[in-house]
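My notebook for today is open, and the plan is simple. I look things up one by one and write down what I find.

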Amino acid sequence: MQNFIIIKFLITSILLFLIGIGGIFLVKKNILIILMSIELMLLSINLSFIIYSILLDDLTGQIFALFILTVAAAESAIGLAILVVYYRIHGIISINYINSIKG
Amino acid sequence: MIYNIQHYSELLYLPEFSLSISIFLILIFFIILEYFYNIDNLNKWCGYISILFLLQILYFLDTFSIINIQGTFLYFQYEFNNFLVLLKIIVIIINIFCIFFAINYSFNEKIIHWEYYILVLFSCLGNMLLISSFDLISIYFSIEIQSLCFYILASFKIHSNFSTEASIKYFTQGAVASGIFLLGSSIIYFATGTTNIYSTYLILNSLLVDYKFSFISEYIFTYQFNIDFLNIFIFGISLIIISLFMKLAIVPFHMWAPDVYEGVPTSITFIFALLPKIGLIINIIHINILCIESLAYFPNFLTFICSICSIIIGIFASLYQIKIKRWLAFAGIVHMGYIIMIITIPNIISLKILLFYLFIYIIISISIFIIILIIRKQTNNNKIKFINELLIISNNNKYLAIYFSLILLSIIGIPPLIGFFSKYFLFYLFINEHLYSLSILLICLNVISGFYYLRLIKKMFFIKKNNNIRGFLNKLSHIDSLCFSIFLFINIFSCLYIEEMLSII
């Protein structure tokens with residue numbers, strides 16, 4: 001019974017990860033959506049780490065999850081800062097206009 | 001003699017610790033200077049002081065390299081031995097060069113913020129930690145320390161259209177790569193119950209004992225069970241290797257590299273081209289050895305395919321480039337392909353040859369990058385963007401043109417120059433392993449890339465140009481010409497010391 005619940009959690013986390021990947025590669029609207037999907041990816045991995053740590057009765061996974069939380073916060077802060085700098089120059093955050101560097 | 005110092009393991013992270021302390025000292029000192037005193041050229045002074053602190057770390061590491069110490073520190077998160085100390089010394093020397101050339105460059109490009117050097121030092125700290133990290137947690141952390149600094153450095157020229165755009169691209173790519181890394185490490189954690197690489201190795205080998213003796217009928221049940229876990233493990237480790245390839249710009253995941261290299265300021269392209277590669281390659285070696293020891297050959301196969309693709313596509317794409325930094329990006333992709341290909345052959349000789357190749361790659365790319373960092377146009381003091389502009393230096397400065405053509409010959413691999421020896425040992429390794437068809441293919445590809453470089457030399461010297469472009473470039477200062485001559489000297493005369501270099505490695 002408990003295994004059944006854990007498999008449900010695992011499917012949830014994998015689906016969340018796939019939604020995050022899809023948000024980056026399929027939804028080509030603006031940069032904020034990319035930041036949100038990156039955050040979603042990292043959080044889904046956090047969920048799966050916690051599930052594995054309960055499954056294996058081991059503390060390492062929970063510690064890893066806490067570390068990922070802090071790093072994800074720093075990463076999204078830097079992403080937002082870059083977004084602000086980009087917006088100041090281009091005046092738009094749509095992905096379709098990120099094409100001034102070409103080969 | 002090897003000293004095993006588990007009890008004094010605080011000693012082993014002394015270089016990293018002192019580097020982080022000195023970074024915070026510089027930070028506090030310059031914040032005080034900026035707010036309470038009005039000093040010009042704060043940027044320049046910060047650069048010189050950070051070089052001074054790096055020299056001090058170099059001294060620490062040098063004292064470590066005399067004694068042969070092995071051990072782990074911080075609860076088996078990091079490992080320490082002489083080989084890794086050598087790599088850290090190389091990283092710090094590259095960092096010193098980066099900062100030294102960035103001082104003049106940022107003065108010319110009007111990058112006035114002194115925080116630039118703090119970020120470079122933090123990325124150096126991340127790289128040193130990445131080299132010695134031996135656990136998936138610590139690898140993730142070190143990669144993040146390094147790449148968070150790189151995201152900011154990429155957008156450092158905040159008034160530039162290209163710099164910010166390159167920064168967005170780099171950020172997206174890096175975040176996706178670290179997400180995939182985390183997915184892989186969670187799967188490995190599920191399969192083995194640990195994140196430490198050495199413990200993973202032990203656990204897999206104890207599982208595989210049954211696999212290795214599976215001809216005994218009693219073990220058939222456990223054999224089936226273990227195979228499932230091995231497959232899950234292979235899936236996780238392939239994801240980790242793919243994410244490291246995304247950071248290294250190996251071919252199926254290379255599309256970000258030319259754009260980012262072109263967009264960011266050149267002094268930062270210099271850092272991107274050299275620094276992150278070293279730590280990532282060492283970690284790929286660790287992971288690859290782990291896979292081969294535990295009879296998982298799929299990641300090795302993946303590495304091999306990616307390396308072949310990156311050599312072929314890198315060479316053919318660099319034929320069409322007209323901008324210098326894009327061309328350098330593709331050249332870097334080709335070199336990384338060669339290095340990854342050496343990793344797939346696991347023995348002691350290949351490790352030596354890999355480090356030698358990496359060392360020569362670093363020397364050659366520094367000697368090319370200092371040309372585009374130093375040279376500027378005389379009319380408007382702008383930097384040079386296109387390869388055709390670089391070819392006019394033969395009208396302006398004959399010696400510089402000779403330098404450039406010698407470096408190009410060194411990249412092709414003409415014997416007395418240093419680039420020959422990296423190629424020589426590469427093919428020596430492949431022929432030793434009886435990979436004849438592969439070496440023939442690689443030699444043919446080398447001929448194609450040789451055509452490209454020889455064409456540049458021909459354009460520089462043997463085609464008549466109109467004479468009114470004299471005085472196109474700025475005059476060089478004494479220190480710059482000293483740098484050029486030092487690197488030319490290294491390129492020509494280090495062929496006399498090949499045996500010594502190999503014995504150090």
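**Entry 1: a term I need.** Before I go on, I note that a salt bridge is a side-chain nitrogen of Lys or Arg within 4 Å of a carboxyl oxygen of Asp or Glu. I also remind myself that I am looking at a predicted model.

**Entry 2: Arg and Glu in chain B.** I looked up B:Arg326 and B:Glu262, and their side chains form a salt bridge, with 2.7 Å from N to O. B:Arg326 sits in helix 12 (residues 324-343) of chain B and B:Glu262 in helix 9 (residues 256-263) of chain B, so this pair ties together parts that are 64 residues apart in sequence. Next I asked myself: is B:Arg326 buried or exposed? It is buried, with a relative accessible area of 9%. B:Glu262 comes out at 16% relative accessibility, and since buried means under 20%, B:Glu262 counts as buried too.

**Entry 3: the network.** I followed the partners further. Salt bridges that share partners join B:Glu165, B:Lys169, B:Asp259, B:Glu262, B:Lys323 and B:Arg326 into one network. One of the bridges I checked is B:Lys169 with B:Glu165, where the closest N and O atoms are 3.5 Å apart. Both of these residues lie in helix 6 of chain B, four residues apart, which is about one turn of the helix. I also noted that B:Lys169 and B:Glu165 are both buried.

**Entry 4: another bridge in chain B.** How many salt bridges does the structure hold over all chains? I got nine. I picked out B:Glu109 and B:Lys157, which form a salt bridge with their closest N and O atoms 2.7 Å apart. B:Glu109 belongs to helix 3 (residues 82-109) of chain B, while B:Lys157 is in the loop between helix 5 (136-154) and helix 6 (161-192) of chain B, so the pair ties together parts that are 48 residues apart in sequence. B:Glu109 is buried, at a relative accessible area of 14%. B:Lys157 has a relative accessible area of 23%, so I wrote it down as partly exposed.

**Entry 5: where the chains meet.** I moved on to the two chains together. I found 38 residues of chain A in contact with 39 residues of chain B. The area buried between chain A and chain B is about 3,500 Å², and carbon and sulfur atoms give 79% of that. How many salt bridges are there between chain A and chain B? The count is zero. Helix 1 (2-25), helix 2 and helix 3 (60-90) of chain A each supply at least two residues of the side of chain A that touches chain B. Helix 3 of chain A gives the most to that side, with 15 residues. I sorted the residues of the side of chain A that touches chain B, and they divide into 26 nonpolar, nine polar and three charged.

**Entry 6: a serine in chain A.** My last stop was A:Ser53, which lies in helix 2 (residues 31-56) of chain A. With a relative accessible area of 1%, A:Ser53 is buried. Which residues does A:Ser53 touch, not counting those up to four places away in sequence? They are A:Asp58, A:Gly61, A:Gln62 and B:Tyr189. The side chain of A:Ser53 also makes a polar contact with the side chain of A:Gln62, at 3.0 Å.

Key: Residues numbered from 1 in each chain as written. Chains lettered and ligands numbered in written order. Predicted model: local features only at pLDDT ≥ 70, side-chain atom pairs only at ≥ 80, totals over all residues. Heavy atoms only, no water. Buried < 20%, exposed > 50% of the residue type's maximum accessible area, 1.4 Å probe, protein only. Polar contact = N/O pair within 3.5 Å; in protein donor to acceptor, adjacent residues only side chain to side chain. Contact = heavy atoms within 4.5 Å. Buried area = accessible area lost by both parts, 1.4 Å probe. Nonpolar A, V, L, I, M, F, W, Y, C, P; charged D, E, K, R; others polar.
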